[in-house]
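Biologist: Please take me through the structure shown below, beginning with the ligands and then turning to the helices and domains.

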Amino acid sequence: MAVDYATLKKGGFMRQKQKNNFSLRLRTVGGHMSAEQLAKVAEVAEKYGEGYVHLTSRQGVEIPFIKLDQIEEVKNALAEGDVVPGVCGPRVRTVTACQGAAICQSGCIDTYTLAKELDERYFGYELPHKFKFGITGCQNNCLKAEENDVGIKGGMQVAWVEDKCIQCGVCVKACRNEAITLEDGKISINTGKCNYCGRCVKSCPVDAYDAQPGYIVSFGGTFGNHISKGETIIPFIESHEKLLKVCDAALKFFEQNGKAGERLKFTIDRTGKEAFEKAIKEAYENE
Ligand code: SF4
Ligand code: SF4
Ligand code: SF4
């Protein structure tokens with residue numbers, strides 16, 4: 001019987017150059033795996049593979065040298081440890097994330113919770129080509145948000161609270177964009193220079209800033225044969241609900257306008273940026 005390689009690939013089993021061997025991609029979300037899952041992966045790699053795993057550039061885990069006739073057995077063994085195969089091909093891939101505000105002192109948003117939510121909402125959704133979400137917790141951009149089709153970066157919209165301020169000047173030095181000035185006992189923030197990094201908030205010793213966490217979202221990044229930085233359309237998205245709306249709109253635009261084998265960036269280029277920007281802005285503004 002002919003082997004259905006396309007279906008196997010869709011289910012995470014990628015054909016190796018070695019005949020009848022597959023590198024099995026596992027489903028991970030936000031770079032997070034439990035100790036129980038890791039133990040099961042190690043056991044399967046030892047028993048069915050060659051005793052090692054490959055950690056991919058997008059926080060995935062692959063077990064190479066899985067044999068064609070053991071695929072079902074491997075899936076069942078992994079399921080015992082709550083591990084399932086990932087996906088490949090033209091659909092929404094692994095949602096990647098840095099550790100974010102749950103762990104990292106610089107984090108402005110809870111990246112892992114958002115990664116789980118986006119994974120539940122979109123993972124495996126069929127599209128004209130691969131589609132990558134990446135979430136990074138702050139402007140330090142450890143996760144390199146702009147290389148994804150949709151890159152989400154945590155940020156903070158800040159406002160000075162005059163009656164708490166002791167005029168120490170720490171926030172002025174903390175701001176890398178020279179957006180803050182302190183004159184005559186008053187702080188001014190140049191919003192044109194501010195990039196929502198939140199460093200002023202985190203540096204202030206007396207909490208003299210109000211901070212509204214939010215998202216800086218880029219679209220159309222690619223980092224393969226063609227390298228292109230994703231671009232931001234709305235400077236700062238202040239609500240989780242609006243974030244989901246613009247993500248839905250980007251996927252819908254791609255689904256309706258993309259050609260098979262074309263990444264979102266090239267669909268945007270072909271159809272004209274105006275049409276894509278209109279779709280995103282309408283989703284953002286639509287109450
Ligand atoms: S991007 Fe920011 S929140 Fe994420 S790990 Fe880096 S410094 Fe921490
Ligand atoms: S959020 Fe960042 S860029 Fe904006 S004023 Fe504060 S430190 Fe400066
Ligand atoms: S760090 Fe805080 S207390 Fe110091 S000048 Fe800035 S706002 Fe005022």
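**Ligand shells, helix packing and domains**

Biologist: How do the residues of the shell around ligand 3 divide into nonpolar, polar and charged?

Modeller: The shell around ligand 3 comprises 11 nonpolar residues, 2 polar and no charged. In this classification Ala, Val, Leu, Ile, Met, Phe, Trp, Tyr, Cys and Pro are nonpolar, Asp, Glu, Lys and Arg are charged, and the others, Gly among them, are polar. This is a predicted model, in which local features need pLDDT of at least 70 and side-chain atom pairs count only at pLDDT 80 or more, whereas totals for chains, interfaces and linings use all residues; side-chain values use heavy atoms, without hydrogens and water. Residues are numbered from 1 along each chain as its sequence is written, with chains lettered from A and ligands numbered from 1 in written order, and the division asked for is 11 nonpolar, 2 polar and no charged.

Biologist: Which of the residues that surround ligand 3 are the closest?

Modeller: A residue is near a molecule if one of its heavy atoms lies within 4 Å of it. There are 13 residues surrounding ligand 3. The closest are Cys165, Cys168, Gly169, Cys171 and Cys204.

Biologist: How many residues of the shell around ligand 1 are charged?

Modeller: The residues around ligand 1 include Cys98, Cys104, Cys138 and Cys142, with Asn140 and Asn141 also among them. By class, 4 are nonpolar and 7 polar.

Biologist: How many residues of the shell around ligand 2 are charged?

Modeller: Around ligand 2 are Cys175, Asn177, Ile180, Cys194, Asn195, Tyr196, Cys197, Gly198, Arg199 and Cys200. Of this shell, 6 are nonpolar and 3 polar. Arg counts as charged, and the number of charged residues is 1.

Biologist: Is α7 roughly parallel or roughly antiparallel to α9?

Modeller: Helices here are DSSP runs (H or I, at least four residues) numbered from the N terminus, and their axes are lines fitted to C-alpha atoms over the stretch in contact, with angles from 0 to 180 degrees between N-to-C directions. Helix α7 (residues 240–257) and helix α9 (residues 273–285) pack at about 150 degrees, with axes 8 Å apart. Angles under 35 degrees count as roughly parallel, over 145 as roughly antiparallel, 65 to 115 as roughly perpendicular and the rest as oblique. Therefore α7 and α9 are roughly antiparallel.

Biologist: How do the residues of the contact of α7 with α9 divide?

Modeller: With contact meaning heavy atoms within 4.5 Å, α7 contributes Lys242, Lys245, Val246, Ala249, Ala250 and Phe253. Those of α9 include Phe276, Ile280 and Glu285. The division is 10 nonpolar, no polar and 3 charged.

Biologist: Is α4 oblique or roughly perpendicular to α7?

Modeller: The axes of helix α4 (residues 111–122) and α7 come within 12 Å and cross at roughly 40 degrees. That angle makes α4, relative to α7, oblique.

Biologist: Which residues in α8 meet α7?

Modeller: The axes of α7 and helix α8 (residues 264–271) come within 10 Å and cross at roughly 70 degrees, which means that the two are roughly perpendicular. From α7 the residues are Phe253, Phe254 and Asn257. Their partners in α8 are Leu264, Thr267, Arg270 and Thr271.

Biologist: How far apart do the C-alpha centres of domain 1 and domain 2 lie?

Modeller: The domain assignment, which is automatic or from a database, gives domain 1 (5–79) and domain 2 (96–285). Their contact takes 7 residues from domain 1 and 12 residues from domain 2. The distance between the C-alpha centres is 32 Å.
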